Amino acid sequence: MAAPRTQGAARGGEENGDRNRSGAGVVSSEDSKDCILEPLSLLESPGGTSSPEGSPPVPCVFCEERFPVAQQDQLLKHMIIEHKVVIADVKLVADFPRYILYWRKRFTEQPVTDFCSVIRINSTAPPEEQDHYFLLCDVLPEDRVLREELQRRKLEGILDQQQRERNDNSFRGVCMFCSEEFLGNRSVLLNHMTREHAFNIGLPDNIVNCSEFLCTLQKKLDNLQCLYCEKTFRDRNTLRAHMRKKQHRRINPRNREYDRFYVINYLELGKSWEEVQLEDDRELLDHQEEDWSDWEELPVSAVCLFCEKQAETVEQLCVHMEEAHEFDLLKIKSELGLNFYQQVKLVNFIRRQVHQCRCYGCRAKFASRADLRAHLEEAKHAALLPAVETWDQPQYYFPTYENDSLLCTLSDSESDLAAREPSGDVTVISEDTSQLHALKQSSVLNQLLRQEGLRS
């Protein structure tokens with residue numbers, strides 16, 4: 001097949017008369033030495049996939065030159081030198097051979113300038129010394145659609161491969177650390193290395209091409225290379241001791257060689273696992289920073305200690321117990337100086353006695369709660385609490401009813417009680433130090449010093 005013509009390669013007819021019309025312009029051997037663009041050569045295979053053995057060579061988009069899939073960088077170099085065509089973000093192309101074949105066909109149908117941006121080199125030089133390069137990138141909608149379609153097909157293939165590996169029970173593998181052989185599902189080996197050797201490469205369901213992944217790791221260990229820091233050691237025992245002591249029984253997350261073995265790297269075009277994870281973290285932080293000002297909390301209903309009456313606040317419940325049962329919880333708390341934990345014990349104590357149909361005032365036992373309530377009202381025993389030592393016991397830290405909302409509404413008013421109650425401690429009022437000299441003369445310390453001097 002003849003090389004396609006690139007009509008209009010230089011806008012306005014700026015082409016050297018001696019330049020070959022085929023392709024994007026053929027450069028002489030002397031010029032090719034001066035325009036080798038080594039930094040544009042890519043040493044890593046695009047899309048994060050290894051080339052299968054026996055794949056047909058990939059042709060140039062303009063001529064009949066062909067290169068093996070593994071020598072993709074040589075093809076890119078050839079296209080730059082011979083045809084002055086640059087493919088942008090080639091690492092984001094999921095299927096490089098299909099991508100090249102598609103544009104090879106399109107360049108035979110239309111001029112290259114219909115698809116590529118023209119970059120003029122040495123624009124200040126005379127026209128015959130100027131060069132034009134052609135940039136093929138995803139700014140072109142057609143190129144963008146092609147890349148996304150190739151990415152979608154790649155993801156479908158990866159998910160199919162992952163599903164086959166998940167259902168495959170004929171997997172055979174050997175542990176890299178203890179040489180124990182495993183048969184069955186791949187998860188058996190991966191879970192063994194995680195559990196027994198603290199070597200975790202991720203959940204089995206997140207990994208694809210597991211056999212190739214394990215072979216890659218095994219080759220590094222056979223070459224006496226640490227999987228994390230990737231340093232090389234003189235013997236296997238030194239390597240094992242290093243990985244154990246330094247806790248390097250893990251892979252290097254910065255090594256892009258491993259990206260192709262994780263499904264997350266195929267989910268979105270041009271995004272690695274780090275970028276996807278970072279977006280998830282940002283989304284989580286955004287949710288945490290949401291405004292909760294319109295949150296309406298459901299009211300908590302507290303139940304009376306003696307009957308089934310419920311109230312939304314402890315104040316309402318205390319009013320009910322005082323009017324209906326002559327039991328003033330707030331007054332008892334104030335008179336006895338109960339702190340929060342003592343209130344909890346008292347409530348749990350009364351709950352238990354009422355549940356057992358027992359009067360805590362006279363220790364009488366009744367057949368039902370109705371009989372107990374009638375007794376408490378007639379004998380006025382609701383307010384007849386036993387000695388503090390009876391109910392102030394550790395066993396009453398535990399609630400009688402697990403859903404006792406009254407315990408959640410009790411207030412810790414130790415500071416209020418301390419302010420209301422008389423204290424045996426002497427109140428100390430600081431002296432006014434504004435007149436320090438007069439204070440020294442009238443200080444009580446002078447009298448104490450004189451008395452001490454007379455004794456001695």
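Modeller: Lysine 84 is buried, with a relative accessible area of 3%; buried means under 20%, exposed over 50% and partly exposed in between, for a 1.4 Å probe and protein chains only. The model is predicted, so local features need pLDDT of at least 70 and side-chain atom pairs pLDDT 80 or more, while totals for chains, interfaces and linings use all residues. Residues are numbered from 1 along each chain as its sequence is written, and side-chain values use heavy atoms, without hydrogens or water.

Lysine 84 lies in the loop between helix 2 (72-83) and strand 3 (85-87). Helices (H or I, at least four residues) and strands (E, at least two) are DSSP runs, numbered from the N terminus. The phi of lysine 84 is positive, about 55°, although this residue is not a glycine. Most residues other than glycine have a negative phi.

Cysteine 357 also has a positive phi, near 60°, and is not a glycine. This cysteine is found in the loop between helix 11 and helix 12. Cysteine 357 is buried, with a relative accessible area of 10%.

In helix 12 (residues 369-379), Leu372, His375 and Leu376 are buried. Seen down the axis, these buried residues fall within an arc of 100°, so they line one face of the helix; the arc is that of the directions from the helix axis to the C-beta atoms. The buried residues of helix 12 pack against helix 11 (340-355). After helix 12 comes lysine 380, whose phi is positive, near 55°.

The chain as a whole gives the setting. It has 17 helices and nine strands, and buried residues make up 36% of its 456 residues. Among contacts (heavy atoms within 4.5 Å) between residues at least 6 apart in sequence, 52% join residues at least 24 apart. The accessible surface of the chain comes to about 28400 Å², of which 50% belongs to carbon and sulfur atoms; such areas come from the Shrake-Rupley method with a 1.4 Å probe, and for residues only the protein chains shown count as cover.
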